[in-house]
Amino acid sequence: MDHIRTAADAGRPRGGARKTGFRRLSASLLALTAAGAVLLTGCSAGSGNNSSDGGGNKSGDRRNLPLPAPVQPSGGAAERDQQGEQSDAPDVAPSPDYLSTFALDVDTASYGYARRTLASGQVPDPATIRPEEFVNSFRQDYERPDGNGFSVTVDGARTNDARWSLVRVGLATRAAESERERPPAALTFVIDISGSMSEPGRLDLARESLDVMTDRLRDDDSVALVTFSDEAETVLPMTRLGDHRGRVHRAIDGLEPTDSTNLGAGVKTGYATAVDGLREGATNRVVLISDALANTGDTDADSILERISSARREHGITLFGVGVGSEYGDALMERLADKGDGHTTYVSSRDEAFTVFCDQLPQNIDLTARDAKAQVAFDPETVEQFRLVGYDNRKVADEDFRDDRVDGGEVGPGHTVTALYAVRTRPGASGHLATATVRWLDPDSRAPHEESGSVETGSLRDGLWTASRSFQVTAVAAYFADSLRSGDARWSSLPGAVPLAELASRARDLARDTEDKDVAALATAIGQADELDVCDADCAQ
């Protein structure tokens, strides 16, 4: 959670979470920022986009603007914490009050599970609501780069709350290649066949989807199947599809629910099978299909996570988690995917399952960026307060932005990543507002690259509900998530929030104008939340 910083806080350690969730830029930064940028980096950020191979932003403006944190000369915060070092030396970077740093995340499971819960007539647990996964569940029209890495788009719009705006940082990877152009895949499916998977919409859905997906994968792709209940078993070792699709189909058709959920055994056997079948030059991935309700064997999350982490470090095997079921271990599945450099999604219908397994998974087997992190530098001359919406579990220390030993997010082709900020501008603010920089490692060479984009206060002229349709969809999704977690005292309401009834109406209008079925589903979910009397902008006041 972000928290307020005031001029009186200058020099105090960062911490002391407060309910408001906002960070105030201290007045002392107005005098220090320009000098710090010159002394520590020797360059300044300008408007527009620029890229580099691992360096900072380039000069192009008449004054020195906030920059991403410079390279740490002797290890980042993560390494210092591990060594237990404590130093009284001053920070090598300017005060971090104006910086926001996080690892990229393309998960969408939180939104899918919330929709499933609302459709069953229940209110989601606020602890399962991650706003970034709501926002990232919708297609965006950001310009895409030609090669690996990202494009950066920054825009914004005013809310109806005085001096508060929403600023959107949009990152996009190149379009997914055709099936013929991507590298081959080595996929190890780790499938939960515990008794709880007998519920309709769980194992039956997985069987049907895997059957269709098997026919859509290429002949040079490989598949392995591991099942787990009270014990784990490798049903099918890594098998090149080619002339062996019948063998794969028979293994899938034989999946039946049995006993308890020994998730630890499933993960251990699954990764062992993936390592045994490791293919050089292929994308090696474990696909975990489960309700993540571990209830027997090794149920300690940290122990399970360590197995995943070591396989990622030593062999580059990534994890894709697919959640199913009305009862779902959301927190554990998210932690597993984060530790395994992967992402999660949640499916509750045949259409959703087919989209994930038959369309998205085959198209997005490749990676375009490893350990991707973003850092947004707000200009203290124009910005008074800001708050990152979501990404609470993906925060990175500002000084670790360019420490490539610090884990980031893995992103494949065809993805967009959106970060939304609530920003309060200073009275009469004019000029540069913020610069967003994304840093990633090339998936093959591991060479670092960066791309940046800036936004001016003039971009906030439009009101929120007259901005582009894609921006409005982003805002509706964020406000919806904000309402669903309003029962959690750790967060305060976003500026400009509107009642759920109005939000549902705006979502319906957007669905009609865009003819987007995903936006129509969003409108339905908001309407269901309103009928269940979820606390919204009215009751929160």
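The legends below describe close-up views of one predicted model. In this predicted model, local features need pLDDT of at least 70 and side-chain atom pairs count only at pLDDT 80 or more, whereas totals for chains, interfaces and linings use all residues. Residues are numbered from 1 along each chain as its sequence is written, and side-chain values use heavy atoms, with hydrogens and water left out.

View 1. Helix α13 covers residues 517-531, where helices (H or I, at least four residues) and strands (E, at least two) are DSSP runs numbered from the N terminus. Its 15 residues should span 21 Å at 1.5 Å a residue, and because the end C-alpha atoms are 21 Å apart, the two values agree; the expected span is 1.5 Å times one less than the number of residues. Just after the helix, D533 takes a positive phi of about 60 degrees.

**View 2. The buried residues of α13 and what covers them.** V519, A521, L522, A523, A525, I526, G527 and A529 are the buried residues of α13; buried means under 20% relative accessible area, exposed over 50%, and partly exposed in between, with a 1.4 Å probe and protein chains only. The cover over these residues includes α3 (109-119), α11 (469-484) and α12 (500-514).

**View 3. The largest nonpolar core.** A nonpolar core is a set of buried Ala, Val, Leu, Ile, Met, Phe, Trp, Tyr and Cys residues joined through side-chain atoms within 4.5 Å. The largest such core has 41 residues, of which F134, L166, F480, L484, L503 and I526 touch the most other members. Two or more residues each come from α3, α4 (131-135), β5 (164-172), β15 (416-425), α11, α12 and α13, and the largest share, 10 residues, comes from α11. Leaving aside neighbours within four places in sequence, F480 is in contact (heavy atoms within 4.5 Å) with L118, F134, L500, L503, L522, A525, I526 and A529. A second, separate core of 33 residues includes L187, V248, F320 and F357.

**View 4. T214 in helix α5.** T214 lies in helix α5, residues 203-216, and counts as buried because its relative accessibility is 1%. Apart from neighbours within four places in sequence, T214 is in contact with L241, R245, V248, H249 and I252.

**View 5. L278 in a loop.** L278 lies in the loop between α7 (263-276) and β9 (283-290), and is partly exposed, with a relative accessible area of 29%. Not counting residues up to four places away in sequence, L278 touches N284, H315 and I317. L278 and H315 are 37 residues apart in sequence, while their C-alpha atoms are 8.1 Å apart in space.

**View 6. The largest pocket.** On a 1 Å grid over the protein atoms alone, a pocket is an open set of points with protein on both sides within 12 Å along at least five of seven lines, a cavity is a set of points where a 1.4 Å probe fits but cannot get out, and lining residues have an atom within 4 Å of a point. Grid points are joined across faces, edges and corners, and a volume is the space filled by probe spheres set on the points. The largest pocket holds about 1,300 Å³ of space and is lined by 45 residues, of which T108, S137, T355, Q360 and D518 lie nearest its centre. The largest share of this lining, 8 residues, comes from α10.
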